Amino acid sequence: MTHSPETPNFLAAVKRIEALTQEIRRDGLAAFEKAEVAYAEIQELRAVLNARISELRRRSA
């Protein structure tokens, strides 16, 4: 499985999800648009991570 240069590695993606989650919690509804964008990024990162985990599981099966 080849990853594009802009795709973060697994650990970087997890750390980014954590940072975005903290921003959402900190800013709350006061920054709804920002939280909405952050949540969309989290969803994209989770999709990337899920695809990588699925690939690893297929390889090890």
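Me: Is Arg58 buried or exposed?
Reply: Arg58 counts as exposed, because its relative accessibility is 55%. The model here is a predicted one.

Me: What does the side chain of Arg58 pair with?
Reply: Arg58 meets Glu55 in a salt bridge, at 2.9 Å from N to O.

Me: How far apart are Glu55 and Arg58 in helix α2?
Reply: They are 3 residues apart in helix α2, so about one helical turn separates them.

Me: What else does Glu55 form a salt bridge with?
Reply: Glu55 also has a salt bridge with Arg59, where the closest N and O atoms are 3.2 Å apart. Glu55 and Arg59 sit 4 residues apart in helix α2, which means a separation of about one helical turn.

Me: And Arg59, buried or exposed?
Reply: Arg59 counts as exposed, because its relative accessibility is 53%.

Me: Which residues are linked in a network there?
Reply: Glu55, Arg58 and Arg59 are linked in a network of salt bridges.

Me: Why would such side chains pair at all?
Reply: Side chains of opposite charge can pair when their charged atoms come close.

Me: OK, stepping back. How many helices and strands are in the chain?
Reply: The protein chain has 2 helices and 0 strands. The helices are α1, residues 10-27, and α2, residues 32-60.

Me: How many salt bridges does a search of the whole structure find?
Reply: The search finds 3. One of them joins Glu41 to Arg16, with the closest N and O atoms 3.0 Å apart.

Me: Where do Glu41 and Arg16 sit?
Reply: Glu41 is in helix α2 and Arg16 is in helix α1. The two are 25 residues apart, and the pair links distant parts of the chain.

Me: Switching to the inside. Which residues make up the largest nonpolar core?
Reply: The largest nonpolar core has 7 residues: Ala13, Ile17, Leu20, Ala38, Ile42, Leu45 and Leu49. The elements that give two or more residues to this core are α1 and α2.

Me: Which helix gives the largest share of this core?
Reply: That is α2, which supplies 4 residues of the core.

Me: What is Ile17 in contact with, leaving aside its neighbours within four places in sequence?
Reply: Ile17 is in contact with Ile42, Leu45, Arg46 and Leu49.

Me: How much of the chain is buried?
Reply: Buried residues make up 16% of the 61 residues in the protein chain.

Me: Of the contacts with a separation of 6 or more, what share comes from residues 24 or more positions apart?
Reply: Residues 24 or more positions apart account for 66% of those contacts in the protein chain.

Me: What about Ala12, where does that lie?
Reply: Ala12 lies in helix α1. Ala12 is partly exposed, because its relative accessible area is 35%.

Me: How far is Ala12 from Leu45, C-alpha to C-alpha?
Reply: Their C-alpha atoms are separated by 9.8 Å, while along the chain Ala12 and Leu45 are 33 residues apart.

Me: Last topic, cavities. How many of 30 Å³ or more does the structure hold?
Reply: The structure holds 1 cavity of 30 Å³ or more. The largest cavity has a volume of about 30 Å³.

Me: Which residues line the largest cavity?
Reply: Its lining is made of Glu23, Ile24, Asp27, Lys34, Ala35 and Ala38. Both α1 and α2 are represented, with each helix supplying at least two residues of the lining.

Me: And how does that lining split by class?
Reply: The lining of the largest cavity has 3 nonpolar residues, 3 charged residues and no polar ones.

Key: Residues numbered from 1 in each chain as written. Predicted model: local features only at pLDDT ≥ 70, side-chain atom pairs only at ≥ 80, totals over all residues. Heavy atoms only, no water. Core = buried A, V, L, I, M, F, W, Y, C linked by side-chain atoms within 4.5 Å. Buried < 20%, exposed > 50% of the residue type's maximum accessible area, 1.4 Å probe, protein only. Contact = heavy atoms within 4.5 Å. Salt bridge = Lys/Arg side-chain N within 4 Å of Asp/Glu carboxyl O. 1 Å grid on protein atoms, 1.4 Å probe; cavity = no way out; pocket = protein on both sides within 12 Å on 5 of 7 lines; lining within 4 Å. Points joined across faces, edges and corners; volume = space filled by probe spheres on them. Nonpolar A, V, L, I, M, F, W, Y, C, P; charged D, E, K, R; others polar.
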